[in-house]
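Biologist: Please take a close look at the aromatic part of this model. I would like one connected account.

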Amino acid sequence: MIRLFFLVICPALLLVSCAVLHAGKKSAKPRVLVFSKTAGYHHASISYGIAAIQKLGAANGFEVDTTADASWFTEDILEHYAAVVFMSTTHEVLDKGQQADFERYIRAGGGYVGVHAAADGGYTWPWYGRLVGAYFDHHTGGKDTLHVIRDKKFPVTYALPSRWVRTDEWYHFREVPQNVHVLVTMGESSGKGKKKGAYHPLVWYHSYDGGRAFYTALGHTNESYSEPGFLRLLLEGIQYTMGGND
């Protein structure tokens, strides 16, 4: 019986311990956690997004850990991260206890980045909806013209053209985001499928409940994660949410 315990239980405990130790490794560089659990549609581009953020971290001075395991959402683990990226997570990916710990993380000054389908979840968690800024409603696809709202206080806006043409999947939201600073809107020629009027934000950032949040509805396609403009936008979003966090 004792031998069976060590054969079955100990390896499981070792895996949990390794996850905690890995998340808690001390480093001179800030750390970012990329979270990619899905309980609904799973985007093929998730793996491309993870690889892209790992490359951005290596080139820009921050460490990157990745997981699809919601058990990482504890105060003891989250406190080691300057920001957490929800990489196209879908539907309900955290239980009540994990939600509470993530709320405490943000209230302590943590950073949140939501990519694409991160808005397609947390529907029973109103706090998360306010963190993201809006909930997903439906989408259309294809090539479109985007207006970039120029804000010299946010570097990504002067790295992009005033009219940015690209192919992606365009999200439409249940409501227009409130109390956020919008960076990119859908162009006026792209009204097909819209329900919420001509003003249609796609990328924004804001301070929320003690922390910082950045959301981009862009990033559906695999090709997005090799586009210089989109990668610059993603990098600036991560760096904004990290702020001065170590």
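Are Trp 127 and Tyr 208 buried or exposed?

Modeller: Both Trp 127 and Tyr 208 are buried. Buried means under 20% relative accessible area, exposed means over 50%, and partly exposed lies in between (1.4 Å probe, protein chains only). First, the ground rules. This is a predicted model, in which local features need pLDDT of at least 70 and side-chain atom pairs count only at pLDDT 80 or more, while totals for chains, interfaces and linings use all residues. Residues are numbered from 1 along each chain as its sequence is written, and side-chain values use heavy atoms, with hydrogens and water left out.

Now the setting. The protein chain has 246 residues, and 53% of them count as buried. Its secondary structure comes to six helices and nine strands. These are DSSP runs numbered from the N terminus: helices are H or I with at least four residues, strands are E with at least two.

Next, the rings. Rings of Phe, Tyr and Trp (its six-membered ring) pair if their centres lie within 6.5 Å; planes under 30 degrees apart count as stacked, over 60 as edge-to-face and the rest as tilted. The count comes to 22 aromatic pairs. Take Tyr 123 and Tyr 135. Their ring centres are 5.0 Å apart and their planes are at 40°, so this pair is tilted. Tyr 123 sits in the loop between β4 (111-115) and α5 (126-132), and Tyr 135 in the loop between α5 and β5 (136-148). They are 12 residues apart. Tyr 123 is partly exposed at 25% relative accessibility. Tyr 135 is buried at 12%.

Your two residues pair as well. The ring centres of Trp 127 and Tyr 208 are 5.5 Å apart, with planes at 55°, so they too form a tilted pair. Trp 127 belongs to helix α5 and Tyr 208 to strand β8 (residues 201-208), 81 residues apart. Ring pairs also link both into a cluster, whose members include Phe 73, Phe 86, Phe 102, Tyr 105, Tyr 112 and Tyr 128.

Phe 102 deserves a stop. Contact means heavy atoms within 4.5 Å. Leaving aside neighbours within four places in sequence, Phe 102 touches Trp 127, Tyr 112, Phe 86, Phe 73 and Trp 125, among others. Phe 102 is also one of the residues with the most contacts inside the largest nonpolar core, along with Phe 86 and Tyr 112. A nonpolar core is a set of buried Ala, Val, Leu, Ile, Met, Phe, Trp, Tyr and Cys residues joined through side-chain atoms within 4.5 Å. Helix α6 (residues 228-242) supplies its largest share, eight residues.

On a 1 Å grid over the protein atoms alone, a cavity is a set of points where a 1.4 Å probe fits but cannot get out; a pocket is an open set with protein on both sides within 12 Å along at least five of seven lines; lining residues have an atom within 4 Å of a point. Grid points are joined across faces, edges and corners, and a volume is the space filled by probe spheres set on the points. The largest pocket has a volume of about 210 Å³. Its lining has 13 residues, and Tyr 105 is among the closest to its centre, as are Leu 78 and Tyr 81. α4 (96-107) and α3 (75-78) each supply at least two lining residues; α4 gives the most, three. The largest cavity holds about 80 Å³. Tyr 128 is one of the residues nearest the centre of that cavity.
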